[in-house]
Amino acid sequence: MAKTAKKAAKKPVVKKAVKPVAAKPAAKPAVVSKKPVANAAPVADKQRFTLYGMLGSGPTYTIGLMLSLSRHPFSYIHVNLREGQHKQPDYLVKNRYGQVPALRDGQAYFVQSAAILQHLADELHRFDGKTDQEKNRIREWLFWQWDKLAIPVFRLRARARGLRQFGDEVRIMYDTEAKAALALLENELGRVEWIATKRPTIADIGIYGVLRYAAEANIDLTPYPNVTAWKKRFEALPGFGAPEQILPMESRLL
């Protein structure tokens, strides 16, 4: 029988191309983050501030207290008022009013303690107002403090130290004014923890800088429990210090 079937032609075997194995990319070196550590304290410029004043000055203490509470170092130049250094031409260039304190910030000088407090709050962003409403309320208290509280307290203190001379009639007037201011403050602190906002601000610093000397003015704070409690809260703030802890007797340069 004839062979009709032909052997099937063998199909050539096609070899599949082997794909080269892609080399694994080299591991990237670890990147060290350059972001600042959270809550890291800013590096303060020790040369930025110089405070001119004297240890016995309440307004000088107020500015030193603000810088201490803000944890910012400062140089200090003692101005001898008894020798009239505050009236000399070289000091009047710094403070046109011939008073203490004066604060050098860089190349500029700032005077009047309430204005200096406002400047420091704006520059350091500490103890400041966060909204326009808060800033306005702080300003109101700073103006009230000097109008109604500081004048009688500091006048009575000066009389007690023999630096001012006036009779009992004037003494009673200042004493009455001081008690009226304290009564208003007592009422305010009966409903709030801090004077101007829900946290301490330069309004608290300014008023404390006056009431620190109440005892020296023969003003008893015992009848004002809310004021006394606020005073204790303030004294517990980090960075707080008494005048002799913040202000040296002599000049101190950093």
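1. E3 and strand E4 (residues 108-111) pair in the antiparallel sense over 4 bridges, pairing being called where DSSP finds at least two bridges between two strands. Strands (E, at least two residues) and helices (H or I, at least four) are DSSP runs numbered from the N terminus. Arginine 104 stands opposite tyrosine 109 in E4. The two strands make a hairpin with 2 residues between them, and glycine 106 in the turn has a positive phi of about 70°.

2. The model is predicted: local features need pLDDT of at least 70 and side-chain atom pairs pLDDT 80 or more, while totals for chains, interfaces and linings use all residues. Residues are numbered from 1 along each chain as its sequence is written, and side-chain values use heavy atoms, without hydrogens and water.

3. Strand E1 (residues 49-53) also pairs with E3, antiparallel over 4 bridges. Here threonine 50 is the residue opposite arginine 104.

4. Side chains in a regular strand alternate between the two faces of the sheet. In E3 (residues 102-105) both faces are covered, with Ala102 and Arg104 on one side and Leu103 and Asp105 on the other, all buried (under 20% relative accessible area, 1.4 Å probe, protein chains only).

5. The largest pocket has a volume of about 1,000 Å³, the space filled by probe spheres set on its grid points, which are joined across faces, edges and corners. A pocket is an open set of points on a 1 Å grid over the protein atoms alone where a 1.4 Å probe fits, with protein on both sides within 12 Å along at least five of seven lines; lining residues have an atom within 4 Å of a point. Of the 30 lining residues, Ser57, Pro59, Leu81, Val100 and Arg155 are the closest to the centre.

6. Helices H1 (58-69), H3 (113-124) and H4 (132-160) each supply at least two residues of this lining; H4 gives the most, with 7 residues.

Technical notes. Buried < 20%, exposed > 50% of the residue type's maximum accessible area, 1.4 Å probe, protein only.
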